Amino acid sequence: MGVEVAVEGLSKSFGRQAIWRDVTLTLPAGEVSVLLGPSGTGKSVFLKCLIGLLRPERGSVVIDGVDLCACAERDMYEIRKLFGVLFQDGALFGSMSIFDNVAFPLREHTRKSETEIRQIVMSKMDMVGMLGAEHKLPGEISGGMRKRAGLARALVLDPQIILCDEPDSGLDPVRTAYLSQLLIDLNAQIDATILIVTHNINVARTVPDNLGMLFRKELVMFGPREVLLTSDEPVVAQFLNGRRIGPIGMSEEKDSATMAAELAHQAAGHGDGSGHEDVRGIVPQLEPTPGLPARQAVRRRRARVLQILDTLPESARHGIMAELSLEDYERYQDWRRRTTGMAMPQPMPQPMARRPLPPQPGPAQQRPPQPGPVHPNQTTPLPPARRPRPWRRDDQGGRG
Ligand SMILES: Nc1ncnc2c1ncn2[C@@H]1O[C@H](COP(=O)(O)OP(=O)(O)O)[C@@H](O)[C@H]1O
Ligand SMILES: [Mg+2]
């Protein structure tokens, strides 16, 4: 299983230019996370800090008990072996065949024989659907294939943490969809911790278990995907819907006078060409291709998220409950009864999306009465099991 990456209070600047400050988040072991952010917000810088290529001024990045921001070179070297990185452009050597590109880390960092190397390279090429292209040069294959070759190379040292820097950049929507599926399939097969930074909304909506956003030099939020996807934060709404009107400007954030003028224009009927559709909301997460094992992360995440359910905003709670199977819902109710020592308060948010089929004649009918249906738009207050807390960006339950 992949390893957890715990980032705490991380700040990075170049000279007097602050890139982001006080970033705190945990990438739960073996789960897929996406970090969104407008261009230039420091997503690539963040990835480089995670692998120790850049040194943040403050904060810690703890992996396997080692703080990358304060460790010796030797420890850093060992920790780096846990990583596989897919760079934005694939970063392949143009004069080397795909085979040699993928084999490169093995020849550099291991003493494996050429026979072993061939076996590993071919298995990774197979994993990313590139068998047959090993003799081509990077310039002879499409952008999507170059990404996949970059991914194969990121995989040869069997990483436990995979970082992908805008894996969708330069790809058309169909190839982006294939790559998204590939990342989910990969997670199902090797259970590695995956972090994808991107500004692609479709990737953000369909791929991750956890979702966050960098904006205005800060982490706006990070946590279970349902929180950001249902968020009312203006910056999140603007970004997810790709609107011009909102706090995000062409180069930087907008000042309040510009915002007010835009809102006045909008009220007067001048739109920003983006239409009125709001794509916020929870859509089904991609599942592994049939025939592959189920993602173990899904089960672990469910247990983790249900434990912090009371700390999440209502819309996210409802979304999470809606994704539960009836069995999980009942298990959760049991768990709540045991941990709170109380009978289950009613009404509770119900599992909505995956309601079971009508009961079939036979033993299934002997199940206890099921909770009644709740209209998806109906909001039912969730009685707190503990003292309720507003959801904060560091409330991910990954730690402590
Ligand atoms: N090595 C560096 N030295 C100085 N400034 C840098 C360096 N790397 C990145 N930056 C600056 O950091 C900011 C964020 O860059 P980047 O992480 O590439 O953004 P993103 O990946 O979100 O588009 C940019 O303003 C960029 O110019
Ligand atoms: Mg970048």
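Predicted model: local features only at pLDDT ≥ 70, side-chain atom pairs only at ≥ 80, totals over all residues.

Visitor: In what order do the strands form the open sheet?

Guide: Strands of a sheet pair through backbone hydrogen bonds, either parallel or antiparallel. Helices (H or I, at least four residues) and strands (E, at least two) are DSSP runs, numbered from the N terminus, and two strands pair if DSSP finds at least two bridges between them. Here 6 strands form an open sheet in the order 6-7-8-3-9-10, with mixed pairing. Strand 6 (83-86) and strand 10 stand at the edges with a single partner strand each, so one side of each has no neighbour in the sheet. From one strand to the next the twist averages 15°.

Visitor: Which strands does strand 3 pair with?

Guide: Strand 3 (residues 32-36) runs parallel to strand 8 (residues 193-198), joined by 5 bridges, and pairs with strand 9 in the parallel sense over 4 bridges. Val 32 has Ile 194 as its bridge partner in strand 8. Towards strand 9, Val 34 is partnered with Leu 211, and Ser 33 stands opposite Asn 210.

Visitor: In which sense do strand 9 and strand 10 pair?

Guide: Strand 9 and strand 10 (residues 218-224) pair in the antiparallel sense over 6 bridges; Asn 210 stands opposite Pro 224. Their hairpin has 2 residues between the strands, and Arg 216 takes a positive phi near 50° there.

Visitor: Where do the residues of strand 9 point?

Guide: In a regular strand the side chains alternate between the two faces of the sheet. From strand 9, Asn 210, Gly 212 and Leu 214 point one way and Leu 211, Met 213 and Phe 215 the other, and all are buried (20 or more other C-beta atoms, placed from the backbone, lie within 10 Å of a residue's own; 12 or fewer is exposed, and in between is partly exposed). From strand 3, Val 32, Val 34 and Leu 36 point one way, Ser 33 and Leu 35 the other, and all are buried.

Visitor: How many residues has the largest nonpolar core?

Guide: In soluble globular proteins, nonpolar side chains tend to be buried together. The largest nonpolar core has 82 residues, and Val 102, Leu 163 and Ile 196 have the most contacts inside it; such a core is a set of buried Ala, Val, Leu, Ile, Met, Phe, Trp, Tyr and Cys residues joined through C-beta atoms within 7 Å.

Visitor: Which residues surround ligand 1?

Guide: Ligand 1 is surrounded by Phe 14, Ile 19, Gly 37, Ser 39, Gly 40, Thr 41, Gly 42, Lys 43, Ser 44 and Val 45 (a residue is near a molecule if its C-beta atom, placed from the backbone, lies within 6 Å of it). Helix 1 (residues 43-50) gives the largest share of this shell, 3 residues.

Key:
Residues numbered from 1 in each chain as written. Chains lettered and ligands numbered in written order. Axes fitted to C-alpha atoms, helices over the stretch in contact; angles between N-to-C directions.
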